[in-house]
Amino acid sequence: MTPARPDARTLIDTFLDPGTWLSWDEPPADPAAPGSGYAEELAAVRVKTGYDESVVTGEGLLDGRRVAIVACEFSFLAGSIGVAAAERLTAAVERATAEGLPLLAAPASGGTRMQEGAAAFVQMVKITAAVAAHRAAGLPYVVYLRHPTTGGVFASWGSLGHVTAAEPGALIGFLGPRVFESLHGYPFPEGVQVSENLFAHGLVDAVVSAEDARGFAARVLAVLCAPRRDLDAGPEPDERVPTVQAWDAISRSRRDDRPGVRALLTFGASDVTSLNGTGEGENDPGLILALARFGQAPAVVLGQDRRHQRIDAPLGPAGLRVARRGMRLASELGLPLVTVIDTAGAALSKAAEEGGLAAEIARSVADLVMLEAPTVCLLLGEGAGGAALALLPADRVLCAQHGWLSPLPPEGASALLYRSVDFAPEIAAAQGVRSTDLRRDGLVDRIIPEFPDAAYEPEAFCARVSRTLEHEIAGLLGQDPAGRLAARLARYRRLGVG
């Protein structure tokens, strides 16, 4: 049995705090010639549905936060967008931008209103331009795709969210299945144009019911709209660490029970929202993309999940494209970016080579080193090769006591130099890969102690990391952005030359 799906007003009531809805809608200009069949159709659907157009716009409070919201009503001519609906929608987006409000969009539409033809079709351009201007102003745009969302709506404002969720079992696709079958004479393959398949392919961040979408949006905005001025950096974190041998640190970093990025988000962060994929049809379980807060400090988090890299596959080019999505998100919204390095190395395969792995490493390094947003890198555990380098360049680089960084895993370096892996411990010591060596050489700014090993104290260790991240982020947010970027570039320019 198909679950009941809320109409636009019910959905808005579900999203917003009770009694806070304020409509922005004015009576729409009638696009139909008087006495025409289209005019009669409009009059009939207005009486039948109680809506005057296919779009409802306004504002309200979501967990006490003022937000703008635009929602389609599918019962009104299949939620189609004509000139009047587009004008209402565009005006609402522009008002949200002018008033500095985060914008929630809930499309449910068959696309362009066919009764109005080309004039309606090109309305998608002005809606898209308004959404692009909203994003360019650094304001959040969160989309909830509902059943069904197809055609020009999906191919414009439905696909531009910073974060996008979808209704369970919803039909979501570019070309509606009825149109496809009429044009080609056979049905569109089943299971393709549904929310769950889009999630599997990294095109949406979550599949949630309308009831759960409220909490999802609230968590997202808790990070995207978090205060970034006058954060309390707290006391200077303790970084007294005993000296350990390089091979001992490497061995400890590889323990199966060592806490990774997922543990850090579980025990050390709040308001965590996991994001999914590139938004362009790719995903990689070895790269975690999330929104989170460490203490009061908001952040986009890019984390290498060592366990998934071992179980599924080493980090590949798709994972780095997910990472670059996170960098763009941080840049556009002015959010601090935290990268977490924990990798035995990038994928070595035909698919990785043909997928552009080397180029993606280069692009990630270039995007990260030039990012205008504040950046903190955390060497959490293993840090081998180009996969580590891709997430390294940051304003501040932190290293867990048993974290390390090397151009190759020590075994690989030993094989390269001596045609045997037997010299890995000696190579690791000679290369200066451990945390204290990295700090000595200016690659690391702060070491986070382990008492005596993160595997023995996962919750306490993750809380310690969280406090250190909060301290560093607060310090960076207090700096002039241009000066911060200049200092980052100068840091990497002078590495190794004094």
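Predicted model: local features only at pLDDT ≥ 70, side-chain atom pairs only at ≥ 80, totals over all residues.
1. Residues are numbered from 1 along each chain as its sequence is written, and side-chain values use heavy atoms, with hydrogens and water left out.

2. Let's start with the sheet. It is an open one of 7 strands, in the order β1-β2-β3-β4-β5-β7-β9, with mixed pairing. Here two strands pair if DSSP finds at least two bridges between them. The edges belong to β1 (22-23) and β9 (206-207); each has a single partner strand, so one side of each is left without a neighbour in the sheet. As background, strands of a sheet pair through backbone hydrogen bonds, either parallel or antiparallel.

3. Now zoom in on one pair. Strand β3 (residues 65-72) and β4 run parallel and are joined by 4 bridges. Across this pair, Ile69 has Leu104 of β4 opposite. Helix α1 (residues 8-15) lies across β2 (55-62), β3, β4 and β5, and runs at about 160° to β3.

4. What lines the largest cavity? Its lining consists of Phe15, Leu104, Ala105, Val142, Val143, Tyr144, Ala165, Ala213, Phe216 and Ala217. By class that is 10 nonpolar, no polar and no charged residues. The space inside is about 60 Å³, and the whole structure has 1 cavity of 30 Å³ or more. On a 1 Å grid over the protein atoms alone, a cavity is a set of points where a 1.4 Å probe fits but cannot get out, and a pocket is an open set with protein on both sides within 12 Å along at least five of seven lines; lining residues have an atom within 4 Å of a point.

5. On to the open spaces. The largest pocket has a volume of about 650 Å³. It is lined by 24 residues, and the closest to its centre are Gly110, Gly111, Thr112, Thr150 and Val179. α4 (117-121), α6 (151-154) and α7 (177-184) each give at least two residues to this lining, with α7 giving the most, 3 residues. The classes come to 12 nonpolar, 10 polar and 2 charged. For these classes, Ala, Val, Leu, Ile, Met, Phe, Trp, Tyr, Cys and Pro count as nonpolar, Asp, Glu, Lys and Arg as charged, and the others, Gly among them, as polar. A volume is the space filled by probe spheres set on the grid points, which are joined across faces, edges and corners.

6. The second largest pocket has a volume of about 470 Å³. Of its 23 lining residues, Ser159, Gly161, Thr278, Gly279 and Arg325 are the closest to the centre. Two or more residues come from each of β7 (163-166) and α13 (317-333). α13 gives the most, with 4 residues.

7. Is Leu139 buried or exposed? Leu139 counts as buried because its relative accessibility is 12% (buried means under 20% relative accessible area, exposed over 50%, partly exposed in between, with a 1.4 Å probe and protein chains only). Leu139 sits in the loop between α5 (123-136) and β5. Setting aside neighbours within four places in sequence, its contacts include Ala96, Leu101, His162 and Leu333.

8. Helix α17 (residues 410-418) holds Ser414, which is buried at 0% relative accessibility. Among the residues Ser414 touches, not counting those up to four places away in sequence, is Arg419. Arg419 itself is exposed, with a relative accessible area of 80%. It has a positive phi of about 55° although it is not a glycine.

9. A few backbone spots to look at. Most residues other than glycine have a negative phi, and most peptide bonds are trans. Asp271, in strand β10 (residues 270-275), has a positive phi near 50°. The peptide bond from His147 to Pro148 is cis, with omega near -20°, and another cis bond joins Phe451 and Pro452, with omega about -10°.

Technical notes
Contact = heavy atoms within 4.5 Å. Axes fitted to C-alpha atoms, helices over the stretch in contact; angles between N-to-C directions.
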